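Subject: Structure for you to look at

Dear colleague,

I would be glad if you read the notes with the structure open beside them.

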Amino acid sequence: MIRFLLRRTVSAVVVLLVLAVVLYAVFYLAPGDPAQLSCGPKCSPAQLVQIREQMGLNDSVYAQFWHFLQGIVTGHDYSTGTGTVHCSAPCFGQSYRTGELVSDILVAKLPATASLALGAMVLWLILGVGTGVLSALRRGRPTERLLTGLTLAGTAIPVFIIGILLLMLFCSVLRWLPYPTYVPFTDDPQQWAWNLLLPWLALALAESAKYARLTRSSMLETLAEDHIRTFRAYGVSERAIIGRHALRAALTPVIALSALDLGAMFGGALLTESLFNVPGLGQKLVQSVELKDLPVVVGIVLVMGFAVVIANAAADVLYALADRRVVLA
């Protein structure tokens, strides 16, 4: 297991390094002058020269990339013309538009996105796995046909359509819920959960459909294996067979998929954040792209990539714990 974890750690570091190289090449070597973007259209030539010196743009490309990596690992000092500002690791630079440290922006926006992603994952696992198990156990009955139709509908309907329907139903027609307004968990945990309920449901309903189909197919495949028939022949109760053996074996692909979806959710919940007014990374990324605020864009994309890499590593570990054969592969 230790060698398995070491291999996954090394591969994760390599992937993050490659991601950093690609991002630096795309955003920092693309046409356009970062100093001009930072200074604005009315910047004088003298101010432009000073800002280029402060940003280290007069160094070679390799030196700039090294300083970029160094800032992520050990932090960086930025000259303001009258003094020095220290950016602690991981440092992704300063916003061209506001001068705010990108790390401070990420710290402010990440909790909202994490709250949205983690809460939705809990719901889609409950709905998806529960529906999949029930569908497998009721195979060939009307219940199974109804659940199959619902999962197909959930797969076909885009998440923003589900979100709009939920807003219309619960906020406009029934008026059971107010229009969502994000409240930090530290301010009021009850209002935090209450205002995130609809975005959680929108994501969970969209995602749970594929988990239901995956769980159903895995359960049917597992229940048809020889060792399950052996358990039944020895008189093991059906509840024990389902809970201890069939469900555990069927959940291994669900574990891998849920970890991957959680990582992707950090970067893919843009529509949901915009629809339900959740001030997360997705909204900030769109704003930064429109303003050409490259350090903020790079910082957010790197964090999203890091989330995906960590989720992949977590999926490998959980998959290995569920199936020891993975460790030996």
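Cys87 has a relative accessible area of 0% and is therefore buried, where buried means under 20% relative accessible area, exposed means over 50% and partly exposed lies in between, all with a 1.4 Å probe and with protein chains only. Before going further, please keep in mind that this is a predicted model, in which local features need pLDDT of at least 70 and side-chain atom pairs count only at pLDDT 80 or more, while totals for chains, interfaces and linings use all residues. Residues are numbered from 1 along each chain as its sequence is written, and side-chain values use heavy atoms, with hydrogens and water left out.

To stay with the cysteines, Cys87 is joined to Cys91 by a disulfide with an S to S distance of 2.2 Å, and the structure holds one disulfide, a term used here for a pair of cysteine sulfur atoms within 2.5 Å. In general, a disulfide is a covalent bond between the sulfur atoms of two cysteines. The torsion about the S-S bond of Cys87 and Cys91 is about 115°, so this disulfide is right-handed. Cys91 also counts as buried, because its relative accessibility is 2%, and Cys171 is buried as well, at 7% relative accessibility.

Pro90 lies in the loop between strand S2 (84–87) and helix H5; helices (H or I, at least four residues) and strands (E, at least two) are DSSP runs, numbered from the N terminus. As background, most residues other than glycine have a negative phi, and most peptide bonds are trans. Arg175, which is not a glycine, has a positive phi near 60°; Arg175 sits in the loop between H7 and H8 and counts as exposed because its relative accessibility is 68%. Asn277 likewise has a positive phi, of about 60°, without being a glycine, and is placed in the loop between helix H11 (270–275) and helix H12 (281–291). At 45% relative accessibility, Asn277 counts as partly exposed.

Turning to the chain as a whole, its secondary structure comes to 14 helices and two strands, and its C-alpha atoms fill a box of roughly 85 × 55 × 35 Å along the principal axes. Of the 329 residues in the protein chain, 39% are buried. Among the contacts (heavy atoms within 4.5 Å) with a separation of 6 or more, 64% are accounted for by residues 24 or more positions apart. The accessible surface is about 18,000 Å², with 65% of it belonging to carbon and sulfur atoms; accessible areas come from the Shrake-Rupley method with a 1.4 Å probe, and for residues only the protein chains shown count as cover.

What holds the interior of the model? The largest nonpolar core has 42 residues, of which Trp124, Leu198 and Met219 touch the most other members; such a core is a set of buried Ala, Val, Leu, Ile, Met, Phe, Trp, Tyr and Cys residues joined through side-chain atoms within 4.5 Å.

Leaving aside neighbours within four places in sequence, Trp124 is in contact with residues including Leu203, Ser208, Tyr211 and Met265. Ser208 is found in helix H8 and is buried, with a relative accessible area of 9%; with the neighbours within four places again left out, Ser208 is in contact with Trp124, Leu127 and Gly128. Ala136, in helix H5, touches Arg216, Met219 and Leu220, not counting residues up to four places away.

With best wishes
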